[in-house]
Every structure is written in C-alpha cells, then in structure tokens.
Amino acid sequence: MIDFTATRALFHIPKGVIYLDGNSLGPLPKAAEARIAKTVRDEWGQMLIGGWNDASWMAQPARLGNRLGCLIGAEPGCVTVGDTLSLKVYQALAAALEMRPDRRVILSDTGNFPTDLYMAEGLIDTLGRGHQLVTAPPEEVETHLGPDVAVLMLTEVDYRTGRRHDMARLTRAAHEAGALTLWDLAHSAGALPVDLAGAGADFAAGCTYKYLNAGPGAPAFLYVAPRHAATARPALSGWLGHAAPFAFEQSYRPGEGIARMRVGTPPVLQMAALEAALDIWEGVDMAALRARSVALSERFIAEVEARCPDLNLVSPRAPSLRGSQVSFRFAEGYAAMQALIARGVIGDFRAPDIMRFGIAPLYIGEAEIVRAAEILGEVMENRLWDAPAYRVRAAVT
Ligand SMILES: *Cc1c(COP(=O)(O)O)cnc(C)c1O
C-alpha cells in the first residue's frame, strides 16, 4: 500500500494546476529546494574544493546509481549516474557494438525517440565500419532479428504512444539471435516496475528528470550487466572513468566495472536534487504504483472517450501494453493542448498530432483525472482551441 495523499504532499504543484506532464519533466519535490540550498551553502560555500572529499561529491554517481538501481531491478554496483541520456545511449551502444565485432546491424523501431536514433547514426559515421541502423515498426521488430544484428536498441515505452515492449521476451529473442540489448528506460524508470536483472538485459539507460522528478537537466543513468562490466569499453574515455583519475597518467586505463562509464565532473547541484527526489522513492512499492497508474489511466481514457468523440486513442487499449501515459490523436492537437494548458491542465504535444498525458500516481489523484477530462471535454465541445493564439508554436511543445 502507498499513502498517495502523503506522497502528493511531498511535491510542489502550483495552485490550480493539474499536472499531467511528469513524463516530460517531473514536478519539484519540496525537499529538493532545501537540499540544493544546503549543498550550495554548507558544502560548496563552506567546504569549497574540500566538498569532493568531505561531502563525498566524488562518490555521488555510484551511490545514487545504486539507489536508482533498486527501482529498475539492477544488481548492486551496476548503475552509474551522470551526463545526459543521449550520451549514455552513445556509450552503451558503442560498447555493445564492439562486443559483436562481426555484426553490422543496430536494430531499433520506428517509434524510438529521435535522439537515440541520431546518436546511433553519429556513432556509425564515427566508427566508419559499415554499420547500419535498421528500424522496423514496433510490432515487427522481433522478426528482424538475425545473424547480422549486433544490438537490439529499444525504448521500452514509446514516448509518443505509450506502447510498451515486452522487455523479457525481446531480450530473450535477441540473445537467441546472438545480439545484445540496449534498453532506454526514459519512460519506464519511476513509471512502472522494471526488472533488468530478471530480463537479462545487457545495457540500459534512462533519465531522471521525467518520472523520477530530479529536475531540469538532471543527470542520466547507465546500467551495464555484471557479466559485461569488465569487458565493456567506454568509447567516451574520460578521466573520471579512469582506473586512477588522480594518478594523472598519460594513457587511459578503464576503471573497475561501472565506474569506467563515468566521463567527467559530476553535476553536484543536480545530484543534490536527485538525492531528494530519490528519497521519495524509498519504500514506494512499484507494483502498487503500477496498479494505481493503470486504474487512473483506465479512468482517464473512459472519461475522455465519453466526452471527446474527435479524439482518437493512440495508446494501446490493453493496460498491460501501455506504460504510464495516455495519448490521443487530434489534427489540431497542438492548439487543443494550448487551450487546455491555459485552463490549468498541463499535458504536452508531440508532432504531428499527438496529445500526451502522463499519469504519475505519486501526485495525481482520481478527482484530478476526472476534472482534467471534464476540462478537455469543454475545450473540445466548444472548440475553445480554435483561436489564433493557440496555434503559435513555442520552441518546446
Ligand atoms: C526524454 C528522452 C531522451 C532525452 O535525452 P536527453 O539526452 O536527456 O535530452 C532520450 N531518449 C528517450 C527515449 C527519451 O524519452
């Protein structure tokens, strides 16, 4: 059981706002404010350079990695925190390709988040060894596994539709085909139970600013399975991944295990926010969270469909095939979302026509779900979206 009234009280949600965009940027944990202030004042301010030792800044990536690892079914000592998700995808992919030197294909799906695909393209160009990025529709990706596939690189939960891959089954299929797996958990970590060890995943990466609520610019995480820890070579061989960073040797020697996947100086202030965010996750039973997420999502779908005949559900109807978001298609979706935001219901829009709603039970309850659907119903029924101001596209949608 989770006391959702209690967890909700741990977040700062502005008055009058129903926040359904935690899949893009989680809200501020109230404790993060004080935690960041304390780090600034007592650590940076007072300890100066001494903070690296005396406040254990240098140990943050491993320590927070372990805490985060508990939420994604990782073995101890297999997760590090730092950099951005794009970079962590690059590192994992580079390491995986090197472990399958005779194979040339990176297999992904057409719904994958562009940065994952872009990073793969960039890596392929840099390697210059004739690798190829192949994307298949999500439902068909398994049929493309073959003797040329080096890595199956998938985002478990599709950022647009919320469609969820079966991580355990696909990992097994990839291994049977001789390929390695790289799972992007951007929309999984903190959204649903993840069992990396149980699934036998090889590599996984994700961000902490979405469902984990660690704030804008919060560091990413990277998981390397224990069986690969000593062989995976970090393509980004930065000094903090070196076996002895403060020996200042001329040549790179990879550190022990996951520590080698560190690159440069960790973002200490963001780590403080992450620490506060992870405190909230202590004791959250992911199965109970999932049950609540499914119940709220089902309710939202039913309420919206009853009121908005012009919106088409693009998320899978079966809860087991969804992550923790619900998406609808509407040709004027951008304007409709702006009209909704103007009325205090914050979701977001993904081109070309998808209205996205993140369902995060730690701070969203049933009454808000119903109220959000009512307001959306009013926007749709009265064409409140049909105003020039709502069609002006901002840089971030
Ligand atoms: C949000 C998201 C990213 C973002 O990558 P950053 O480097 O943190 O900007 C990458 N991949 C997926 C699947 C995402 O959903």
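This is a predicted model: local features need pLDDT of at least 70, side-chain atom pairs count only at pLDDT 80 or more; totals for chains, interfaces and linings use all residues.
In which loop is P352 found? P352 sits in the loop between β14 (348-350) and β15. The peptide bond from A351 to P352 is cis, with omega near 5°.

Next, colour by domain. Select 4-29 together with 285-391 for domain 1, then 56-281 for domain 2. These bounds come from the domain assignment of the protein. Taken over C-alpha atoms, the centres of domain 1 and domain 2 are 28 Å apart.

**Where they meet**

Turn to the interface. Here 31 residues of domain 1 are in contact with 23 residues of domain 2. Domain 1 and domain 2 bury about 2,200 Å² between them. Carbon and sulfur atoms carry 64% of that area.

What is the count of salt bridges between domain 1 and domain 2? The count is 0. For polar contact, the count between the two domains is 11 residue pairs, with both residues at pLDDT 80 or more.

Now select the elements on the side of domain 1 that touches domain 2. Those giving two or more residues are α10 (286-307), β12 (325-329) and β15 (354-358). Which of them gives the most? Start with α10, which gives the most to this side of domain 1, with 4 residues. Then colour the side of domain 1 that touches domain 2 by residue class: its residues divide into 16 nonpolar, 11 polar and 4 charged.

β15 links two stops of the tour. This strand gives two or more residues to the side of domain 1 that touches domain 2, and the loop that holds P352 lies between β14 and β15.

**An aromatic pair**

Last, show the aromatic rings. A search of the whole structure finds 12 aromatic pairs. Pick F113 and Y159 and display their side chains. How do these two rings meet? The F113 and Y159 pair is edge-to-face, at 4.8 Å centre to centre and 70° between the planes.

Keep both residues selected and show the cartoon around them. F113 lies in the loop between β5 (105-109) and α6 (114-127). Y159 lies in the loop between β7 (149-155) and α7 (167-176). The pair therefore ties together parts that are 46 residues apart in sequence.

Definitions and conventions. Residues are numbered from 1 along each chain as its sequence is written. Side-chain values use heavy atoms; hydrogens and water are left out. Domain bounds come from an automatic or database domain assignment. Contact means heavy atoms within 4.5 Å. Buried area is the accessible area (1.4 Å probe) that two parts lose on being put together, summed over both. A salt bridge is a side-chain nitrogen of Lys or Arg within 4 Å of a carboxyl oxygen of Asp or Glu. A polar contact is a pair of N or O atoms within 3.5 Å; within protein, one must be able to donate a hydrogen and the other to accept it, and residues adjacent in sequence count only if both atoms are side-chain atoms. Ala, Val, Leu, Ile, Met, Phe, Trp, Tyr, Cys and Pro count as nonpolar, Asp, Glu, Lys and Arg as charged, and the others, Gly among them, as polar. Rings of Phe, Tyr and Trp (its six-membered ring) pair if their centres lie within 6.5 Å; planes under 30 degrees apart count as stacked, over 60 as edge-to-face and the rest as tilted.
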